[in-house]
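This report goes through a protein model and describes a few of its local features. The sequence and the structure come first.

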Amino acid sequence: MRLRVYQCGVLKSRKHLFTMGRGVGVPFTVPVPFFLIEHPKGLVLYDTGNAKEVAIDKIKHWGQGVCDAYDPVMTVDDFVVEQLRRDGFTPENVTHVVLSHLHLDHAGGVGAFPNAKYIVQRAELHYAYVPDFFQKGAYIRADFAKPDLDWVLLDGDGDLRGDLFGDGTVKILATPGHTPGHQSLLVRLPVSGPWLLTGDSAYTEEIMAEDVLPGLVQSPSDAVKSIAKMRHLRDTQGYRVITGHDPEAFAKLQLSPYVYT
Ligand SMILES: [Zn+2]
């Protein structure tokens with residue numbers, strides 16, 4: 001089993017949008033990551049980056065307001081399907097697409113994998129259709145409201161289907177707060193051991209290390225509980241934590257075609 005790291009361009013933003021009350025107005029450019037896990041029984045994507053349309057006409061696809069706050073910079077070649085093809089993977093071979101949540105920089109590739117199960121929390125799919133006003137801009141219905149998708153709707157950590165292959169190597173961890181149905185991914189690699197892909201439940205290392213809220217959060221108290229849960233896993237079981245949008249930490253990772261084992 002092995003893991004690959006990908007980047008679908010960047011968002012040119014401001015730091016306080018990632019750490020509440022800190023770095024107000026300070027320019028902050030963050031990566032848009034996604035991950036591929038090659039398991040003997042399947043090919044798992046964790047998140048899918050931005051939609052291809054963002055490379056063509058971002059204001060049309062995301063809207064002026066979102067582009068003002070989180071200006072996406074990507075080319076058509078950064079789209080998930082193109083990047084996987086370069087490494088020899090066809091969309092038909094992807095068996096599972098696990099979505100941390102359905103925000104626009106994560107769900108842009110939904111629908112591009114015809115044989116995949118799309119695994120989200122039931123609470124997330126519901127909220128994506130009827131978000132609170134302050135998260136409306138982050139959900140692009142054209143990205144996720146596609147016909148004939150094979151959705152698997154999970155209900156929190158108690159759902160046994162969150163252990164994707166039943167062998168404990170790829171497991172979903174419910175981490176609500178950033179959004180109501182946010183989920184992180186636990187990956188147990190044969191050589192490097194356990195990895196925790198936080199998604200946006202922890203935007204940056206600062207959020208894992210200090211008591212600061214994420215800049216965009218649906219439920220602050222749920223977010224705090226999820227961060228505590230992830231710190232516990234890190235401290236007691238030695239998980240390597242990969243945060244969602246940390247420019248410095250992400251720069252230290254090696255992108256595909258490098259493979260982590
Ligand atoms: Zn994000």
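The model described here is predicted.

## Zinc site

Four residues of the protein supply the donors of the zinc ion: D105 and D200 through OD, and H106 and H245 through NE2. These atoms lie 2.1 to 2.2 Å from the zinc ion. Along the sequence the donor residues follow the spacing D-H-x93-D-x44-H.

D105 and H245 link distant parts of the chain, being 140 residues apart. D105 sits in the loop between β5 (96-98) and β6 (117-121), while H245 belongs to the loop between β11 (240-243) and α8 (247-251). Both D105 and H245 are buried.

## Aromatic residues

The structure contains 11 aromatic pairs. In the pair F133 and F134, the ring centres are 5.5 Å apart and the planes stand at 90°, so the pair is edge-to-face. F133 has a relative accessibility of 73% and therefore counts as exposed, the cut-off for exposed being over 50%. F134, with a relative accessible area of 37%, is partly exposed.

One aromatic cluster is formed by F18, F28, Y70 and Y203. A charged residue also lies over an aromatic ring: R240 is placed over the face of W195, at 4.4 Å from the ring centre.

## Largest pocket

The largest pocket holds about 230 Å³ of space. It is lined by 20 residues, of which Y70, H103, L104, A138 and L216 are the closest to its centre.

Which helix gives the largest share of the lining of the largest pocket? That share comes from helix α2 (residues 64-69), which contributes three residues.

## Strand β1 and C8

C8 is located in strand β1 (residues 2-14). Its relative accessible area is 0%, so C8 is buried; buried means under 20%. Along the chain C8 and P72 are 64 residues apart, and their C-alpha atoms are separated by 9.5 Å.

Conventions
Residues numbered from 1 in each chain as written. Predicted model: local features only at pLDDT ≥ 70, side-chain atom pairs only at ≥ 80, totals over all residues. Heavy atoms only, no water. Donors = N, O, S within 2.8 Å, 3.2 Å for Na, K, Ca; no water. Helix = DSSP H or I, 4+ residues; strand = E, 2+ residues; numbered from the N terminus. Buried < 20%, exposed > 50% of the residue type's maximum accessible area, 1.4 Å probe, protein only. Phe/Tyr/Trp six-rings, centres within 6.5 Å; stacked < 30°, edge-to-face > 60°. Lys NZ or Arg CZ within 6 Å of the ring centre and 35° of its normal. 1 Å grid on protein atoms, 1.4 Å probe; cavity = no way out; pocket = protein on both sides within 12 Å on 5 of 7 lines; lining within 4 Å. Points joined across faces, edges and corners; volume = space filled by probe spheres on them.
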